[in-house]
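Hi everyone, thanks for making time for this. I'd like to walk you through one chain, so please have the viewer open and follow along.

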Amino acid sequence: MLPEYAFIGRSNVGKSSLINMLTSKKGLAKTSQTPGKTQLINHFLINEDWYIVDLPGYGYAKVSRSSREEWERFIRYYLKNRESLQCVFVLVDSRLEPQMADLKFCSWLGEQGIPFLLAFTKADKQSNFKTLQNVEKFKVALLDYFEELPQIFITSAEKRDGREEILTAIDDINKN
Ligand code: GTP
Ligand code: MG
């Protein structure tokens, strides 16, 4: 099985947009201003060599509680059991102060021993200073759960920032 990299984060954080930016294919992953667009586990084969996996966002309030819980169980099952999964990219909205849902999800990944990287999204939406401030606060909050911090990327799907860095990181993991 080819290696795969899952992209996950709260609904509307910009997962599908980041995937399109990384692959340079605009309509590949469907994006939307309405949260909850991605409802399936979608695999995208890159260079006939590895997969990007677009997952539905967590914490989407508009679907019923029971179907949300079912989805979360499904995603957690996938993340825990998928042998070809190399690591998870957790996407975090760079405009926001640390959110409990994101911290809890990272901490769950840590408990399960699932390696993850952090990608802060939508950095074009505010000043670099503000972005870095939120990233710094997130790091501090993560240190409540972890001794070591994961690799961090600051991205903008709009400006194509962070593309080379993320693709290089994936390349490096694929080579090992
Ligand atoms: P779900 O599949 O619903 O969980 O959402 P998602 O995380 O896949 O988000 P999606 O990529 O659909 O983007 C949500 C909205 O944010 C869309 O309107 C995007 O155009 C916008 N967006 C995503 N990334 C960026 C970015 O880097 N900059 C800006 N300015 N807007 C972005
Ligand atoms: Mg999506």
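Let me start with a question: leaving aside its neighbours within four places in sequence, which residues is leucine 18 in contact with? Have a look before I tell you. This is a predicted model, by the way. The partners of leucine 18 are Phe7, Leu91, Ala119, Thr121, Thr155 and Ala157.

Now let's step back to the whole chain. It holds five helices and six strands, and reading along the sequence you get the pattern β-α-β-β-α-β-α-β-α-β-α. The C-alpha trace spans about 40 × 40 × 35 Å along its principal axes. For 176 residues, a compact globule would have a radius of gyration near 16 Å, and the chain, with 15 Å, agrees with that. Buried residues account for 30% of the chain. If you take contacts between residues at least 6 apart in sequence, 69% of them join residues at least 24 apart.

On to the sheet. The six strands form an open sheet with mixed pairing, and the order is E2-E3-E1-E4-E5-E6. E2 and E6 (152–154) stand at the edges with a single partner strand each, so one side of each has no neighbour in the sheet. On average, neighbouring strands are turned by 25° against each other, direction ignored.

Let's go through some of the pairs. E2 and E3 run antiparallel and are joined by five bridges; histidine 43 has valine 53 in E3 as its bridge partner. E4 and E5 are parallel, with six bridges, and here aspartate 93 stands opposite threonine 121 in E5. E5 and E6 are parallel too, over three bridges, with alanine 119 opposite phenylalanine 153 in E6.

H4 itself lies across E4, E5 and E6, and runs at about 160° to E6.

Is H1, residues 15–23, mostly covered or mostly open? Mostly covered: eight of its nine residues are buried. Just after H1, serine 24 takes a positive phi of about 55°.

In soluble globular proteins, nonpolar side chains tend to be buried together. Here the largest nonpolar core has 32 residues, and those with the most contacts inside it are Ala6, Phe7, Leu18, Phe89, Val90, Leu91 and Ala119. E1, H1, E3, E4, H3 (100–112), E5, H4 (128–142) and H5 each supply at least two residues of this core. Which element gives the most to it? That is E4, with five residues.

Definitions and conventions: Residues numbered from 1 in each chain as written. Chains lettered and ligands numbered in written order. Predicted model: local features only at pLDDT ≥ 70, side-chain atom pairs only at ≥ 80, totals over all residues. Buried ≥ 20, exposed ≤ 12 C-beta atoms within 10 Å, placed from the backbone. Helix = DSSP H or I, 4+ residues; strand = E, 2+ residues; numbered from the N terminus. Core = buried A, V, L, I, M, F, W, Y, C linked by C-beta atoms within 7 Å. Contact = placed C-beta atoms within 7 Å. Pairing = 2+ DSSP bridges. Axes fitted to C-alpha atoms, helices over the stretch in contact; angles between N-to-C directions. Rg over C-alpha atoms; globule rule 2.2 N^0.38 Å.
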